[in-house]
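This report goes through one structure part by part. Please keep the sequence and the 3D view at hand while reading.

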Amino acid sequence: MIKVGVGACTVGKPVRYDGQSKRSHSFLETLGKHVSLIPFCPEVGIGLGVPRETIRLVDSADGQRAMDSETQTKDYTAQLEAFAEDTLGQHQDLAGYVLVKGSPSCGMARNKLYQTDGNPKNSDGVGIFARRIQELNPLLPVEEDGRLFDASLRESFAARIYVYQDWLEIQEKGLSAEALIKFYGRYKYMVMAHHVPTYKALGRLLSDAGQHSPDKLGFEMMSLLMEALKKPASRKGFTNALQHIRGYLKRDLESDEKRDIDQAIEQYRTGILPLIVPMRLLQYQFNRHPNDYISSQVIMQPYPEELGLRNDI
């Protein structure tokens, strides 16, 4: 089963500094029916109690440090970094991670940062554990719980989880130029929907795949692929991909069937309909008129439909 790391407080564990948990996120509840959510609390993991004194991010000469809020004399930075290393070392099969908004250990970005004299500086802080996780595995899909209230970011994160799981599985089978080309071939329209420049860059990268080390080429390919999918797909981007896919049906449909699909795509583009409507029409027609190439395209169903993500974008 797919495994996703989560901040323990986001799934109801009473591990926050005040002994409380965060409000349950409905998306995580739904996601948890399809993947295994593995809870972690770095601050508890390094031995801090519940409840406990708060820690803060301090901008020191040695970079951002996690210090106790009261005196700024206790430094927990190295322990939190080590916990991140242990976490990824022991759970190399994680396909994603949900970080915690505002946390000096787990906050992905925009955390309150303090000066060494104790005064607030700005909101440029990054949680120590969160930063180290991303440094150790830049390909791992990460998102912050607060950002998951945004439908487009939610959809993008879910897509990346399933792409990364696919990547873990293909690595186990062994990488080759042929395997990498075949892998990316299934994601072409998905990348097109998110970022056309990356779609073109990946085509150029893989055009001479046999001339490069599979491991190096695979990392470069996945770096581009995951970076593209971090960008929430716009209606314009999805419309472009849908129109390309619709082209594979041009010899199979009656004029009224073509009109229905084209109208649904246009109404999606203009914001009248959610993405699920034109996708359902296309899926219905490809069930009637199977196409091996389109059936291989992950964009047709990148994650379980029960997540309901395409109802909101």
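In strand 6, leucine 113 is the bridge partner of leucine 57. The model shown here is predicted. The two strands involved are strand 3, residues 55-60, and strand 6, residues 111-114; they run parallel and are joined by two bridges. Leucine 113 also stands opposite asparagine 122, which belongs to strand 7. Strand 6 pairs with strand 7, residues 120-125, in the antiparallel sense, and this pairing has three bridges. Strand 6 and strand 7 form a hairpin with five residues between the strands, and in this hairpin glycine 118 takes a positive phi near 95 degrees.

The charged end of arginine 56 sits over the ring of tyrosine 114, at 3.7 Å from the ring centre.

**Aromatic rings**

How many aromatic pairs does a search of the whole structure find? The search finds eight. One of them joins tyrosine 189 and tyrosine 248, whose ring centres are 6.5 Å apart; the planes stand at 80 degrees, so this pair is edge-to-face. Tyrosine 189 lies in helix 7 (residues 188-194), while tyrosine 248 lies in the loop between helix 10 (235-246) and helix 11 (255-269), so the pair ties together parts that are 59 residues apart in sequence.

Tyrosine 248 forms an aromatic pair with tyrosine 293 as well; this pair is tilted, with 5.7 Å from centre to centre and 35 degrees between the planes. Tyrosine 293 is in helix 13 (residues 292-295) and tyrosine 248 is in the loop between helix 10 and helix 11, so this pair ties together parts that are 45 residues apart in sequence. In another place, ring pairs link Phe40, Phe83, Tyr97 and Phe129 into a cluster.

| Residue | Relative accessible area | Class |
|---|---|---|
| Tyrosine 189 | 7% | buried |
| Tyrosine 248 | 33% | partly exposed |
| Tyrosine 293 | 30% | partly exposed |
| Cysteine 9 | 8% | buried |
| Cysteine 106 | 5% | buried |

**Cysteines**

The structure holds zero disulfides. Cysteine 9 is in no disulfide, and the nearest cysteine sulfur, that of cysteine 41, is 6.7 Å away. A disulfide would need the two sulfur atoms within 2.5 Å.

In soluble globular proteins, nonpolar side chains tend to be buried together. The largest nonpolar core of this model has 93 residues, and Trp167, Tyr187, Met221, Met222 and Ile299 touch the most other members. Helix 5, residues 151-173, gives the most to this core, with 11 residues. Which residues does methionine 222 touch, not counting those up to four places away in sequence? Methionine 222 touches Leu139, Val163, Trp167 and Phe183 on that count.

Notes:
Residues numbered from 1 in each chain as written. Predicted model: local features only at pLDDT ≥ 70, side-chain atom pairs only at ≥ 80, totals over all residues. Heavy atoms only, no water. Buried < 20%, exposed > 50% of the residue type's maximum accessible area, 1.4 Å probe, protein only. Phe/Tyr/Trp six-rings, centres within 6.5 Å; stacked < 30°, edge-to-face > 60°. Helix = DSSP H or I, 4+ residues; strand = E, 2+ residues; numbered from the N terminus. Lys NZ or Arg CZ within 6 Å of the ring centre and 35° of its normal. Pairing = 2+ DSSP bridges. Core = buried A, V, L, I, M, F, W, Y, C linked by side-chain atoms within 4.5 Å. Contact = heavy atoms within 4.5 Å.
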